[in-house]
Structures are given as structure tokens and as C-alpha cells.
Amino acid sequence: MCVCVAHWRRATASNACGNTSEALASFQKALELDPTNKALVKEVKNAKEKLEMEKKVLAEAPTGGENSIPEKKDDIPKAMKATSAPATQPASSSTTTTSTTTKVVKETGDDLFTKSDHVRGYKIRSDGKKTSYFDREIDDEAKALIGDIKPKKLNAGGTSGNDDFSPKPIKSSAADGGGKSAWNTAGTWEERDVTPWAKETLQAALLTAEYILPDGSPSPGSRAIVSKVSKLEGNCSFASVRGKKKYIYEFSITIKWVLTLGDDHTKTCHGEITFPDVDGSCELGEGYDIVNFEVDGSSPIGTGPMLDRFVRDGGLRDSIHLVIDNWVKMFRATY
């Protein structure tokens with residue numbers, strides 16, 4: 001059985017290399033060893049038919065040897081013509097298109113298109129240049145209707161060469177910092193940042209906050225003030241949209257305070273308060289939340305309840321609330 005398989009493999013290899021006669025001989029030797037093998041019977045039959053076809057083709061070929069190549073189209077055997085000839089002839093319209101394309105190429109000297117090229121997505125303009133299929137040629141009449149549509153550089157005054165399409169400046173008061181942009185004629189959202197101005201004016205306002213303890217208090221006449229704004233972080237801006245102003249601000253403020261007891265300037269209390277959320281969500285007159293109320297350890301003993309009442313919960317804190325509210329009003333009046 002092993003010898004039979006060896007002949008089978010040799011026949012398959014010979015068949016793949018085009019040696020039909022050797023393949024047939026090997027298939028026949030394998031069939032002699034295994035006469036009942038139907039597959040071998042079929043292979044022998046196919047090899048015989050293939051060998052007969054090759055002999056017939058060689059008999060019709062011109063003289064000059066087995067490997068000679070026909071020099072003319074008419075010398076090709078009929079059997080080979082049947083496999084190489086196209087099924088249908090190209091339509092006359094295709095022939096006309098190809099000849100037209102070739103003519104343009106010859107006249108312009110452009111070798112990007114050849115006689116057999118049918119390039120999709122490209123075409124040749126009337127001036128002979130290759131361009132995209134979607135490129136549109138505009139005649140002189142259409143150009144006259146469209147006019148000059150080339151982009152124009154704007155000068156410093158905000159106008160171009162065509163006054164009909166130039167934006168006109170919008171007059172505004174100096175109080176709003178110049179008002180709306182000359183380009184925002186539709187009145188859409190336009191925002192300006194005024195954070196530097198806001199921080200400077202708010203800090204100055206906070207330093208004016210003070211409170212004098214009234215009669216009947218533990219230390220009448222004692223004065224509590226804001227000695228320093230140690231932290232002022234955040235941003236401030238105003239926006240204009242369709243003629244309406246929106247005021248946007250958000251700050252976190254930490255101040256240092258000092259309370260001088262009576263007329264004795266040697267006895268003072270020191271501390272710190274933080275206002276974490278000073279923003280537009282706080283209604284005027286309702287006050288602002290505080291965190292981190294601290295009293296310095298050098299403050300006189302027994303002043304704790306007084307500081308809680310007149311610095312943390314009221315007194316100086318109420319004065320700071322009023323200062324912030326007045327600053328918000330000034331911000332809205334200025335812008």
C-alpha cells in the first residue's frame with residue numbers, strides 16, 4: 001500500500017508541473033497495485049483526456065518546435081482562441097469616448113491619461129488640465145453675475161473694500177467699558193472679564209468694614225476692624241445677550257480682624273474669618289456663610305463669648321456683609 005501511495009504522490013507532482021505523460025504513467029502503476037481504487041481509475045481517465053487534448057493542440061500549432069510562439073493572431077490555435085477571446089465586443093460609445101480622450105491628451109501633451117485609462121472621479125477641462133470630476137467650469141457670464149468674491153483683508157477701522165458689507169461700529173457709553181463689540185450686531189452672547197478691577201475694588205471695600213461695640217456690651221466702645229485681606233480668589237465678568245446684562249462673580253475671601261478693647265490699645269484680640277462662597281447665588285441682604293473662624297491664642301482670657309457675639313455671629317460680620325452687598329451694587333452700576 002505504501003508503494004501505491006508513493007506512485008500517487010509522484011503522479012500528482014508531475015501533473016502540477018505540467019508533465020501529463022509522466023503523471024499518467026504514475027497513476028497507471030498505482031492502479032496496478034490497487035485495481036479497486038475508484039479514485040485512481042478516475043485520475044487515469046482524466047490524465048488520458050488531458051494528454052489527448054495537448055497532442056491535438058500541438059498538432060494544430062505551426063512548425064518550429066514544441067515551444068514556439070505564434071507570431072500572428074491568425075496562427076493561434078482555435079482551442080486557445082476560445083479561451084482568450086472576450087465574450088462581447090465593447091460598445092461603440094466606449095470606443096468613441098476613448099478616442100476623444102486620447103485626442104485631448106495628444107494635443108495638450110498631458111500623459112496622465114493613456115488610451116486605455118477610464119479613471120473614475122477625474123476629467124479633463126476645456127483648457128486641457130486634469131481636474132476632479134466635481135470641478136465646475138464657470139463661464140464669463142456667470143462670473144459677471146457672481147462678482148468679486150475673493151476674501152478681503154480688513155483694515156484697522158473694521159472696514160473692507162466693500163462698504164455695503166462692512167460692519168458699522170456700535171456707539172456705547174464709556175461706563176460699560178466700550179459696550180458691545182462692533183461685530184456683534186445680532187446681540188448674541190458676549191462676555192467680558194473684569195476680574196482685575198473686581199479684586200482691587202472689593203479688597204479696598206473690605207478694609208473699610210468696622211464695628212463699635214454698643215453700650216451695655218461687655219466692653220462698650222471697643223472697635224473691631226478688618227486689618228488685612230489675606231486671600232481673595234475667584235473671577236468676575238459680565239455678559240450681554242440680546243440687550244440684557246448678566247453679572248457673574250465668584251470669590252473666596254479670607255480676612256484678618258482685630259478687636260481693640262476699650263481705650264486700652266495694648267489689649268487686643270486677633271483672628272481670621274473665611275467667606276468661601278461670595279457669588280451671584282447669594283441674595284443681597286441675606287448674608288454670607290463663613291468657615292474657619294479662628295481666634296489667636298494671644299487674645300485676653302475670657303473674651304471668647306464676646307468675640308463670638310460681636311465678631312463671628314454679628315457686629316463685624318454684619319458690617320462685612322453690608323460692604324460686600326454695596327460692592328455688588330457698584331459692580332452692576334459700573335457695568
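Predicted model: local features only at pLDDT ≥ 70, side-chain atom pairs only at ≥ 80, totals over all residues.
Over which residues does the pLDDT stay under 50, with 27 contacts beyond four places in sequence? Keep that one in mind while you go through the points below.

1. The protein averages a pLDDT of 77, and 71% of the residues score at least 70. Over residues 113-118, though, the pLDDT is below 50, and this stretch has 10 contacts in the model beyond near neighbours in sequence. The answer to the opening question is residues 160-178: pLDDT stays under 50 there, and the model has 27 contacts for them beyond four places in sequence.

2. **The overall inventory.** The protein has 335 residues, and 28% of them count as buried. Now take the contacts in the protein with a separation of 6 or more: 50% of these come from residues 24 or more positions apart.

3. **Helix α8 and its two sides.** Have a look at α8, which covers residues 304-312; Met306, Leu307, Phe310 and Val311 are buried there. Looking down the axis of α8, you'll see its buried residues fall within an arc of 95 degrees, so they line one face of the helix. Pro305 and Arg309, on the other side of α8, are exposed. What do the buried residues of α8 pack against? Their partners are the strands β4 (210-212), β6 (244-260), β7 (268-279) and β8 (291-295), plus α9 (316-334).

4. **Two helices side by side.** Here's a handy bit of background: two packed helices are described by the angle between their axes and the distance between the axes. For helix α7 (residues 195-206) and α9, the angle is about 145 degrees and the axes are 9 Å apart. The crossing of α7 and α9 is right-handed. On the α7 side, the residues involved are Trp197, Ala198, Thr201, Leu202, Ala205 and Leu206. In α9 they meet Ile320, Val323, Ile324, Trp327, Met330, Phe331 and Thr334.

5. **Rings that pair up.** A search of the whole structure turns up 13 aromatic pairs. One of them is formed by Tyr249 and Trp327, edge-to-face, at 5.9 Å centre to centre with 80 degrees between the planes. Tyr249 sits in strand β6 and Trp327 in helix α9, so this pair ties together parts that are 78 residues apart in sequence. Buried or exposed, which is Tyr249? Tyr249 is buried, because its relative accessible area is 3% and the cut-off for buried is under 20%. Trp327, at 2% relative accessibility, counts as buried too.

6. Ser252 has its place in strand β6, and at 16% relative accessibility Ser252 counts as buried. Leaving aside neighbours within four places in sequence, Ser252 is in contact with Lys231, Leu232, Glu233, Phe275 and Pro276. Glu250 lies in strand β6 as well, but at 47% relative accessibility Glu250 counts as partly exposed. Not counting residues up to four places away in sequence, Glu250 touches Glu233, Gly234, Asn235, Val278 and Asp279. Glu250 and Ser281 are 31 residues apart along the chain, and their C-alpha atoms are separated by 9.1 Å.

7. Where does Asp289 lie? You'll find Asp289 in the loop between β7 and β8. With 60% relative accessibility, Asp289 counts as exposed, since exposed means over 50%. Asp289 still touches Thr274, Phe275, Pro276 and Arg317, not counting residues up to four places away in sequence. From Asp289 to Val278, 11 residues apart in sequence, the C-alpha to C-alpha distance is 8.4 Å.

Terms used:
Residues numbered from 1 in each chain as written. Heavy atoms only, no water. Buried < 20%, exposed > 50% of the residue type's maximum accessible area, 1.4 Å probe, protein only. Helix = DSSP H or I, 4+ residues; strand = E, 2+ residues; numbered from the N terminus. Arc of directions from axis to C-beta. Contact = heavy atoms within 4.5 Å. pLDDT = per-residue confidence, 0-100. Phe/Tyr/Trp six-rings, centres within 6.5 Å; stacked < 30°, edge-to-face > 60°. Axes fitted to C-alpha atoms, helices over the stretch in contact; angles between N-to-C directions. Left-handed = near helix turned anticlockwise from the far one by under 90°.
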